[in-house]
Amino acid sequence: MHTLPSLPYAYDALEPYIDEETMRIHHTKHHQAYIDKLNLALEKHPDLADKSVTDLLTDFSSLPEDIKTAVKNHGGGHANHSLWWEILSVPKRDGNLPTGEILEAINSSFGSFDQFKQDFTAKVLAVFGSGWAWVIKNGDKLEIVSMPNQDSPLMSGQTPIFGLDVWEHAYYLKYQNRRAEYVEAFFSLINWDQVEINLKK
Ligand code: MN3
């Protein structure tokens, strides 16, 4: 059985950038629903019961046909949100900029952090409908990609380092149609220490 991971901070810890109500609904309702529906779908396949959601998505092409849509939508939702909570952190007083290896990777892939932020923001603003913008590892470079719905980069053999949930449920209560403000807020919350850990995996 897949279970809801607890948040590494309180529901109100990301205020004022992401409000408490959004965090609470997002975690206890949306993420929980992906897990419930994934578990329900897996009931028919006891042989897959011990597989992690990462393994299910990585081995997507070998899954039985009747379960692929459920794993893609709900397994993807579970994996994406599990990563998402971890790459957010309590806002720091003195700004939030990457350092060390992750900064080097950003500089060598995009030229500068400012250029990266500009490219990432443009990618987020271009997401049509529900989806995510991801930063993935491609060899020793980083790349920005967007994916629809809950499609996980793991399904196509890509390693997500971090990403932004661009479903309206992630920001609409506070930001409504002001998606650019939501992206700006996200940059105050990125847990660069965790992103560096993901980079080294
Ligand atoms: Mn979401």
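The structure is a predicted model, in which local features need pLDDT of at least 70, side-chain atom pairs count only at pLDDT 80 or more, and totals for chains, interfaces and linings use all residues. Residues are numbered from 1 along each chain as its sequence is written, and side-chain values use heavy atoms, with hydrogens and water left out.

**Overall fold**

- The protein contains eight helices and three strands; helices (H or I, at least four residues) and strands (E, at least two) are DSSP runs, numbered from the N terminus.
- Their order along the sequence is α-α-α-α-α-β-β-β-α-α-α.
- The radius of gyration is 17 Å, close to the 17 Å that the globule rule gives for 201 residues, so the protein is as compact as a globular protein of that length. This radius is taken over C-alpha atoms, and the globule rule is 2.2 Å times the number of residues to the power 0.38.
- The C-alpha trace spans about 50 × 40 × 30 Å along its principal axes.

**Burial and contacts**

- Of the 201 residues, 49% are buried; buried means under 20% relative accessible area, exposed over 50%, and partly exposed in between (1.4 Å probe, protein chains only).
- Among contacts (heavy atoms within 4.5 Å) between residues at least 6 apart in sequence, 68% join residues at least 24 apart.

**Helix α7**

- Helix α7 covers residues 179-187, and its buried residues are Arg179, Tyr182, Val183, Ala185, Phe186 and Phe187.
- These buried residues pack against α3 (65-86), α5 (113-126), β3 (159-165) and α6 (172-175).

**Threonine 54**

- Threonine 54 is located in helix α2, which comprises residues 53-58.
- Its relative accessibility is 38%, so threonine 54 counts as partly exposed.
- Threonine 54 and glycine 111 are 57 residues apart along the chain, and their C-alpha atoms are separated by 31 Å.
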